[in-house]
Structures are given as C-alpha cells and as structure tokens.
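Have a look at the model first, and then read along.

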Amino acid sequence: MTDDAGASAQAKPRIIIIGAGFAGIGAAIRLLQSGEDDFVILERGDELGGTWRDNVYPGCRCDVPSHLYSYSFAPNPDWQRTYASQEEIWAYLRSTADRFGVLPHIRWSHRVIDAIWDDAEGWKVQTDHGAIRCQYLVAATGSLAEPSTPGIPGAASFAGTLMHSARWDRSHDFAGQRVAVIGTGASSVQIVPSIQPTVEHLTVFQRTPGWVLPHPDRPIKPWERRLFRLFPPAQRLIRSITYWQREIVLVSAFTKFDGLRMVLERRVKRHLTNQVSDPELREKLAPDYQLGCKRALPSNDFYPALTQPNVDLVTVPIDRIESGGIVTVDGELHPVDAIVFATGFFVTDNPIGDHVSGREGHRLSEAFTGELSSYLGTTFPDFPNFFMLTGPNTGTGHTSQIFMIECQLNYVIDALEALGNRSDTVAEVLPSVADAFTEDVQQRVKQTVWASGCASWYLNKFGRNVTIWPDYTFAYRRQTRHFDPSDYVIGHRSVEARSPVVAGGTE
Ligand code: N01
C-alpha cells in the first residue's frame, strides 16, 4: 500500500497515541475527560493491555500492591488479592477502557512502522495499513514491550522447545520435562515456583543473584471488598498509606540515607537465611551489591522451590546451546527438553526508538543513548508536538509506574489545553530547558543506589541510568503539574514554523 493511498483512506485525527497499554489507555481516558475526542490509538495487537496482555507465564503477578497499581481515577474495589495477578490486572484494564469509552478510538492490529516529523505537514505515522497524519503524537509504547533473548551460540540447533517469558506458549505442557530457566529476575522468581512441582527436573541458570524479599501478598477478604464498594474513602486511604510508606522508606533508603538501606538489607538477608539452610546454596544466592540497585524481588516461594530435589541452581556461565541442552563454560552439558528465557526486555534500546524521527533525522533512541536531552522525560528538542509516556528517567523501582504515567498525563493534558485548538500550532521544548533538566537528573541519579555499581536494565550500554527517576515521585508530580509555555518555542506552521508567537525564547 502506498503512503498516499493509505493516507487518503484514513481520517486525519488531531492526536495519535501509539500503544494501548496502561499509558495509552490512560492518555485516552484523560483526553476524553478533557473534552478531546479527535484522537486514535494505534495498537499492534488485537487486544489491549501491553505488557499485561503479553506476559501470561504461570505465576505472573504484580509486585506493587493492587490498591496503588491502578488509575487514581478508576479505583477497583474488587481486587481479589493485595497483589493482583496478570489476569486480574488485564481484566481491570479492559473493563476500564470500555467503561470510559476508549474502545471506539482503537485501531486494532495497526503496527507502527515509523513516525516522522515534517515541518510543513506535522507528524506522519506510517502503519502496516497505510499512513496517517496528525498534529500531536503521543508515544505510549512502554519499556517492557520487546522481549530480549540473548544470542547464545547454538540456540538454533536446540531440538526442544524455546520460549521467552513474555511470549509464553500456553499450549506447551512442561509436565514431566527437563526444563531450563535462564535468568533470575522478576519474571523468573514467579515462573520457577509455578512450574517446579510439575516438571521432572528444573535447572535454573543464574548470572547475578537478586535481592529476594518476603512477599506480603494475601487474599482480600469479602468484607474488605464490601467496605471499599460502600465507602470508597477507605480504599483511597489504603492507597495513600501504601504510597507514602514506599516513598518515605524506600526512596529515602535508595536515594538519601545509606544507614536506612543497610538496616533494610539486614532484614532482607534474614529471608534467605530463614528459607535456605544449605550453606552452599545460600552462598550462591547472596547478592553482593546494594539492595535496590536492581529491582528487588518479592517472593515467598522462589527460595523454597530452589531447595527441592528436582532443582539445580547453576551459576557457572553458559557457553552454548546444543541440540540436547545447555553447555556451561566448564564443559558440562545440562540436558533439557525445554528452555525458558526469563531474560528481560529491550528497555533502553527499545527498537521503536529508531523508528520515531524528529527534525534533522534525529531519532528518539538518542534520548536513551544520552545524545538527546528530554524535558520531564516527556518532550524533546527537535521533536515538535510530541510527548513520550514512560520516557527517559520516568521509571520507578519502588512504586507504581501508573503514578508516574498519571503525572505525565497531567502535563500532556495541561499542555494541549494551553496550546489551544488551532490545527497549525507547533510547540517544541527549548534545548536549554531540556539540557538543564537532563543534567540535573543525571547528577542526582549518580547519588542513588541505582548508580551504585551493579549491572541492571536501568542502565544503557554506556552505563548511564536513563530509566529511573532519582527522587521522590511526589517531586516529579510537582514538576509535571503545569505546562509552562515559556519552556517552549510555540508558533504556527502557516505563519512560520518556528516563530515564537505564544511564548518562549529563541534558539
Ligand atoms: O527481566 P530482568 P524480567 N545469560 O531483566 C538474566 C518487570 N516485571 O523479565 O541480572 C544469563 O529483570 C539476568 O541476569 P543479570 C519488572 O520491572 C514485573 O525478570 O543481568 N542470564 C536476569 O537475571 C522487572 O524488573 C513483574 O546478571 C541472563 C534476568 O535474565 C522487569 O519486568 C513481573 C542473560 C533478566 O531479568 C523485567 O523482569 C515480571 C544471559 N545472556 C517482570 N541475559 C511484576 O511483578 C539476561 N540474563 C510487576
């Protein structure tokens, strides 16, 4: 299909949102609430839900409490457990999108191939169904969207089943098989105890041990749910308490007070001591980096699963894969029938970044290599009329990502309202504003646990932390509360693309 044929077949919406996960659905709801309905969501799948649609591995559950891991404007009094399962979160997201009237705006099975800014005509988004133009583009493509499978030599020769945790094949039956799980991160600690009882033998390949914490998950009692339904302030109170506990204890420990972090570390280490009696296994599982540097892993059943007679924990590095199993660098073959890659995602190198281009051919991926500054992790010089949700340094390692998304949405909605209804308005953040913000974040992140020396997916390939917000999240909320036009060059395309007519300086 040619661009023009595609373009003429499509209405021209004012706003395009890419992605129908938590961020994209949240953006759509906030737009509708603000009176804006001239938008579409381009969703590559035929279901919404993003990472909560894709991660269907056994045991998948959120490690942030349910009352906090939801939109503030759509509390769910019916959560079944204090930490919701994937099924429950996915159902919540679908019913919320339906309830707020988002579904008619979604163009299903529309994969974005690229999005290019053009000074004369605005954004052109090329999809596999043709091109669509729009005035404003919102990337809600998520950080945990593209599974990363390490290129271990010989994988293609493996005779059994290969699977990534985020592309789980539910039709495959692991019962009675010899299974390898590579990786011991957040996905692995949920998969391992879920499959261990049914497999014949499980070999877990660990490169770096995680900090595993006691998990406070429990069922929510029927009377509690009734209370939340009849008296919503009770649920809001629990949400608030949960939020503030995490801010005060965890952010303080990870960013300000080493002493507090060390107290927490001692308590967490007791979990390992209590659950693993074999000193050799305990030694292998003991982290040698600071708590919080990698995402901490709540689980009550990961350590006990590793102590079962049908499980081996292998810490010798993997050399290659052969048709019959995995060979470690000491030459030992670990024979298996199936291999699960619980090896995470392309986060700082999410491929979509190479397919969104601003002025002068600048690519969004440069915001993650450190070549392009961002303002509030949301807007970028040379990317006019563009907003990124869950952009650089808007991630959290301790609380709900939805809180951060909602901060960004406050900012985006305020920006769109401030920019008004003219269809030729062009707004672009001043490089000086973006540089100052990025420099400040980078200076502050260096003082935190997230830059304390461990390797984590928070860091890009140069070791720069471009993922985590290095402070209390209420500080981010304060910064994103209002759009300030003086931070932008704002002009009208029909007059002269970059002349500042509303506010802002010159570049
Ligand atoms: O991925 P990860 P994940 N050889 O990147 C190892 C969210 N999440 O899918 O630590 C051997 O954390 C790697 O080893 P190392 C959550 O935000 C949330 O588990 O790099 N091993 C590591 O152990 C989470 O943080 C929930 O040395 C290799 C593992 O693979 C994020 O998703 C649930 C390797 C990857 O861990 C990602 O979690 C699940 C190699 N070549 C996920 N390459 C909730 O509950 C990588 N590894 C909300």
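1. Phenylalanine 231 is partly exposed, at a relative accessible area of 47% (buried means under 20%, exposed over 50%, and partly exposed in between, with a 1.4 Å probe and protein chains only). You will find phenylalanine 231 in the loop between α6 (222-230) and α7 (232-255); helices here are DSSP runs of H or I with at least four residues, strands are runs of E with at least two, and both are numbered from the N terminus. Together with Trp223, Leu227 and Leu230, Phe231 makes a nonpolar surface patch of about 470 Å². Patches take residues with over 30% relative accessible area and no salt bridge, joining like charges within 9 Å and nonpolar side chains (Val, Leu, Ile, Met, Phe, Trp, Tyr) within 5 Å. Accessible areas come from the Shrake-Rupley method with a 1.4 Å probe, and for residues only the protein chains shown count as cover.

2. A word on the basis of these notes: this is a predicted model, in which local features need pLDDT of at least 70 and side-chain atom pairs count only at pLDDT 80 or more, while totals for chains, interfaces and linings use all residues. Residues are numbered from 1 along each chain as its sequence is written, and side-chain values use heavy atoms, with hydrogens and water left out.

3. Now to the ligand. Which residues come nearest to the ligand? Of the 22 residues around the ligand, these are Arg61, Thr184, Ser187, Thr208 and Lys294; a residue is near a molecule if one of its heavy atoms lies within 4 Å of it. The shell divides into nine nonpolar, eight polar and five charged residues. In that count Ala, Val, Leu, Ile, Met, Phe, Trp, Tyr, Cys and Pro are nonpolar, Asp, Glu, Lys and Arg are charged, and the others, Gly among them, are polar.

4. Arginine 295 places a polar side-chain atom 3.3 Å from a ligand oxygen. From the backbone, a polar atom of alanine 342 is 3.2 Å from an oxygen atom of the ligand, and a polar atom of glycine 344 is 3.4 Å from one. Taken alone, the ligand exposes 910 Å², and the protein buries 84% of that.

5. Arginine 295 also forms a salt bridge with aspartate 63, their closest N and O atoms being 2.5 Å apart; a salt bridge is a side-chain nitrogen of Lys or Arg within 4 Å of a carboxyl oxygen of Asp or Glu. The pair links distant parts of the chain, 232 residues apart: aspartate 63 is in the loop between α3 (51-54) and α4 (86-99), and arginine 295 in the loop between α9 (279-285) and β12 (297-298). Aspartate 63 is buried at 17%, whereas arginine 295 is partly exposed at 25%.

6. How many salt bridges does the structure hold? There are 22. Among them, aspartate 471 and arginine 444 meet at 2.8 Å, N to O. This pair, too, links distant parts of the chain, with aspartate 471 in the loop between α13 and α14 and arginine 444 in helix α13, 27 residues apart. Aspartate 471 is buried at 12%, and arginine 444 is partly exposed at 22%. Elsewhere, Glu43, Arg53, Asp54 and Arg167 are linked in a network of salt bridges.

7. Proline 470 lies in the loop between α13 (431-445) and α14 (473-480). Is proline 470 buried or exposed? Proline 470 is buried, with a relative accessible area of 3%.

8. Serine 109, in the loop between β3 (106-107) and β4 (112-118), has a positive phi near 55° although it is not glycine, and is partly exposed at 33%. Glutamate 360, in the loop between β18 (356-357) and α11 (366-369), has a positive phi near 55° as well, and is exposed at 70%.

9. Lastly, threonine 396 is in the loop between β19 (386-388) and α12 (401-419). Threonine 396 is buried at 7% relative accessibility, and its side chain reaches the backbone oxygen of threonine 399 at 2.9 Å.

Definitions and conventions
Polar contact = N/O pair within 3.5 Å; in protein donor to acceptor, adjacent residues only side chain to side chain.
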